[in-house]
Amino acid sequence: IAYAYFMKQDDPQRKALVLNYEGVINESVFNDAEKATQFYLRANEEVAKTKDYQLGFLINSSLGNVYAYRHMPEYAMQAFQKAYQYATRAKNKSYIASSLSYIARAYSLQSSWNKAIEYYRKAYESLAGSKDKRTASGILCEMGDIYNRIDKYDTALRYAKQALSIEKGAKLHYYTSSLTIGDIDRNRDNSDSADYYFKQAMLSDQIYTRRSAYQGLWYLHRDLTKDYKKALDYSHKFWLETDSILQMDKSKELIQAKEK
């Protein structure tokens, strides 16, 4: 109803807002990334006519994450850099930190680890004086993941545990930090701790987190505990989640939508 009404009005801010909501619903409820992307791109055109910089940040962040989750780092980087420009204009600390961490995420997709770490540090430093615990813990968790990828497990665990402590203190969900700690412990051959944290991450309502938790448990029981029955069970769950993600993933259509 809102979409039908505002798209007939000459108000670009309201058009951008309702187009953004359509994108969010199509992405998160209907799992239609192609349609969501088209709405985000149209929203981006409308918000450029306004001074609603916070909305501009939200639209470009959503667009960038659609690309990032589908391993399209160049497209993601463009959107995240635009999100950062909007965040700085809005002078919103949380948005500035988030956009910097998104840029770091795009670098990590290209395996540019040093640049990713540089931007995660900038993101965390930009939160100085802020009470935004969710963004702070997210940045620390992703830094832990980066150090885990480059085999610096002690540093990785320190950041991930710091993220977990913040989340528990702020009574936030800690599925992502649990996943990161589980993977670090698996790499350090600490099977009991890895099993515990992977099972915590398994409770997430985010399909990507659940899939990674199942994959971690599969590898853990295949390679460390040698419990092949459990390994097969988690392998099966991993592939079920992967099939669901593949049905959502329409990278070719996304690229075509952006080019148009």
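Tutor: A salt bridge is a side-chain nitrogen of Lys or Arg within 4 Å of a carboxyl oxygen of Asp or Glu. This is a predicted model, where local features need pLDDT of at least 70, side-chain atom pairs count only at pLDDT 80 or more, and totals for chains, interfaces and linings use all residues. Residues are numbered from 1 along each chain as its sequence is written, and side-chain values use heavy atoms, with hydrogens and water left out.

Student: How many salt bridges does the rule give?

Tutor: The rule asks for a nitrogen and a carboxyl oxygen within 4 Å. Applied here, the count is 12.

Student: How far apart are the closest N and O atoms of Arg 222 and Asp 223?

Tutor: Arg 222 and Asp 223 form a salt bridge. The closest N and O atoms are separated by 2.8 Å.

Student: Which helix holds both Glu 118 and Lys 115?

Tutor: Helices (H or I, at least four residues) are DSSP runs, numbered from the N terminus. Glu 118 forms a salt bridge with Lys 115, the closest N and O atoms being 3.4 Å apart. The two residues are three residues apart, about one turn of the helix, and both lie in helix α7 (residues 113-125).
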